[in-house]
Number of protein chains: 2
Amino acid sequence: MKITFLGTSGGAPTSLRGLSAVAVERGSEIIMFDCGEGTQRQMSKAGLNLNKIEKILISHVHGDHILGVPGILQTLSLLNRERELLIYGAEGIIEFVKAVRRTVWFNPTFPIFVEHVKEGLVCKEKDYSIHTSLTDHVLPGFGYALAEHVRPGKFNPKRARELGVPEGSLWSELQRGENVTLSNGKIIMSKEIVGSSRPGRKIVYTGDTRPSQSIVQLGKNADLLIHDSNYDEDNIEMAEKKGHSTASQAAQIAVEANVKKLVLTHFSPRYETTDLMLKHARAIFQNTIVAEDLLSIEIPFQKNDSG
Amino acid sequence: MKITFLGTSGGAPTSLRGLSAVAVERGSEIIMFDCGEGTQRQMSKAGLNLNKIEKILISHVHGDHILGVPGILQTLSLLNRERELLIYGAEGIIEFVKAVRRTVWFNPTFPIFVEHVKEGLVCKEKDYSIHTSLTDHVLPGFGYALAEHVRPGKFNPKRARELGVPEGSLWSELQRGENVTLSNGKIIMSKEIVGSSRPGRKIVYTGDTRPSQSIVQLGKNADLLIHDSNYDEDNIEMAEKKGHSTASQAAQIAVEANVKKLVLTHFSPRYETTDLMLKHARAIFQNTIVAEDLLSIEIPFQKNDSG
């Protein structure tokens, strides 16, 4: 699972930072968190295939989080995409997409499914689920957690043969965690042959938000938390007023949610450098980094007893 | 008058080329020809002040020509702009801007005037006028000509004193081209003191179009013609089908319109290089260049007898 930051500026773009968008590559698909203006070009610069996008998750309908959607719909139509595209988002996203389809002159070559999300499960796929929680912004907004399902432990065929388990349905039962009885009456425990189940990876994206306990819950034990860091401590009142977080506040959420790694993003264009933000955040949560446009991060699987 | 190309790709952006937008700096204002996705960021890269934009002229409502407008409206509101912004464009632009204001969550801090243009005069300012003509695309589209008014000749105060014209209202009359009679009965001709009138500069932007006689008329004697060059000769049938021009066709229009300089732009992403396009165009019209993102061109005044 690879995360690429396509835009890391808050509100307005700068020459160095585009507008909010994060691409999650997982297997053959790309899942987007937000889609600010310029996303399709940033994907081109990152070498990401636009047509691999399966889902776009919109945190809220401020322009800097949604204005990249129309261009992607037009370009995917130029590319003659046929596969459905799923867009999930906060209240207003359905009206926005409808308005685009009515007033921008292009013929979609593929079905576009758009849905307003509610807290809880957004979608459940074979290998992962996406959940959402309300954030605390100046308009209704949602954070998203993409969590892979727990994977069953590794089956050890050599050990199965040593214990005299014939290949076939008994192997499947053992793999599913069931204990089995051989024809000679011997009972074989699943855990003798199958390693411990392996946790999936979990990444969480907040969109724009004040520090929020719902994000702490959504982010519990995540491998990666991508958190609003629009301001530094010098503008903590402004952060409260505008519905954003400071770098330190983001770090405090990372501590409370017990995440492995924190990425700060969505920086106000007033900051020429993020050095101080990073320093302030690391004083609270050491494993913090600052997002830059086109930064990519690989999320490794967590190790457990079975290796 | 300085022209900056902010996006030079056709249809979809590439890593090297953004979507259609041209900024014309004239005095303290900026006039935009089209405004594709990513324009506000390109302006930042070009060091252009977003808040200097007074007018946006939209050729047609394909997404790659209009999707930069919403972000500019949002960012100008973040900047607390108060001055009215004028948007002129082809049919559909009013509905598009209305749809954006209804579905993208931001509070405009300034009046937005949007108007559908018809062939002829778009607006007449103190120093220049903008005219428009229908183009020949797959949907209603307009090209624009920005032409400065003829400027009166230079007044020569030394010569006025030599001829005994007292400073004051007589000077104004002479400057306006009127002949005057001095108190001693002597007649002074305006042309004795005021140089020849000086032509203004004229630039023409086509937007997307097949070769069109209406563009030849609109572009007559222009200092600069910015012409659709979506395809090279290898795709001349495609150009006809999709409502675009080839580089050679653009050059032929430049010849017929007797322009001083031609800039090719709006290149299909299928072309990795524009070298051949440039070669083909120059074979027909020598003073041709290829637009690149962030290329700037100064348009000099034409010389005349009075220097």
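**Entry 1: salt bridges**

I count a salt bridge when a side-chain nitrogen of Lys or Arg is within 4 Å of a carboxyl oxygen of Asp or Glu. This is a predicted model, where local features need pLDDT of at least 70, side-chain atom pairs count only at pLDDT 80 or more, and totals for chains, interfaces and linings use all residues; side-chain values use heavy atoms, with hydrogens and water left out. Residues are numbered from 1 along each chain as its sequence is written, while chains are lettered from A and ligands numbered from 1 in the order in which they are written.

I looked up Arg201(A) first. Its side chain meets that of Glu148(A) in a salt bridge, 2.7 Å from N to O. Arg201(A) lies in the loop between helix H7 (190-193) and strand S12 (202-205) of chain A, and Glu148(A) is in strand S9 (residues 142-148) of chain A, so the pair ties together parts that are 53 residues apart in sequence. Helices (H or I, at least four residues) and strands (E, at least two) are DSSP runs, numbered from the N terminus.

Buried or exposed, I asked of Arg201(A)? Arg201(A) counts as buried at 8% relative accessibility, and Glu148(A) is buried too, at 9% relative accessible area. My cut-offs: buried is under 20% relative accessible area, exposed is over 50%, and partly exposed is in between (1.4 Å probe, protein chains only).

Next I checked two pairs in chain B. Lys126(B) and Asp127(B) form a salt bridge with their closest N and O atoms 3.6 Å apart; Lys126(B) is exposed at 75% relative accessible area, and Asp127(B) is partly exposed at 33%. For Arg176(B) and Glu178(B), the closest N and O atoms of the salt bridge are 3.3 Å apart. Arg176(B) counts as exposed at 57% relative accessibility, whereas Glu178(B) is partly exposed at 34%.

The structure holds 32 salt bridges over all chains.

**Entry 2: the sheet in chain B**

I traced an open sheet of seven strands in chain B, in the order S6-S5-S4-S3-S2-S1-S16, with mixed pairing. Two strands pair if DSSP finds at least two bridges between them. Strand S6 (112-116) and strand S16 (296-298) of chain B are at the edges with a single partner strand each, so one side of each has no neighbour in the sheet. From one strand to the next, the twist averages 15°.

I then zoomed in on one pairing. Strand S2 (residues 21-26) and strand S3 (residues 29-35) of chain B pair in the antiparallel sense over six bridges, and Ala21(B) has Cys35(B) in S3(B) as its bridge partner.

Helix H3 (residues 69-78) of chain B packs on this sheet and touches S3, strand S4 (53-58), strand S5 (85-89) and S6 of chain B, with its direction at about 170° to that of S5(B). Helix H4 (residues 93-103) of chain B also packs on the sheet, touching S4, S5 and S6 of chain B, and its direction makes about 150° with that of S6(B). Contact means heavy atoms within 4.5 Å. Axes are lines fitted to C-alpha atoms, for helices over the stretch in contact, and angles run from 0 to 180 degrees between N-to-C directions.

**Entry 3: Arg81(B)**

I found Arg81(B) in the loop between H3 and S5 of chain B, where this arginine is buried at 2% relative accessible area. What does Arg81(B) contact, leaving aside its neighbours within four places in sequence? I get Leu50(B), Asn51(B), Ile53(B), Glu54(B), Leu76(B), Thr109(B) and Phe110(B).

**Entry 4: helix H10 in chain A**

For helix H10 (residues 247-257) of chain A, my list of buried residues reads Ala247(A), Ser248(A), Ala250(A), Ala251(A), Ile253(A), Ala254(A) and Ala257(A). They pack against helix H8 (213-219), strand S13 (224-228), strand S14 (262-265) and helix H11 (275-282) of chain A. Asn258(A) follows H10(A) and has a positive phi, near 55°.

**Entry 5: whole chains**

Chain A has 11 helices and 16 strands, and buried residues make up 57% of its 307 residues. I superposed chain B on chain A with a rotation of 179° and 0.1 Å of shift along its axis, at RMSD 0.3 Å. The two copies are thus related as by a two-fold rotation axis.

Technical notes:
Copies are superposed by least squares on the C-alpha atoms of residues with pLDDT of at least 70 in both.
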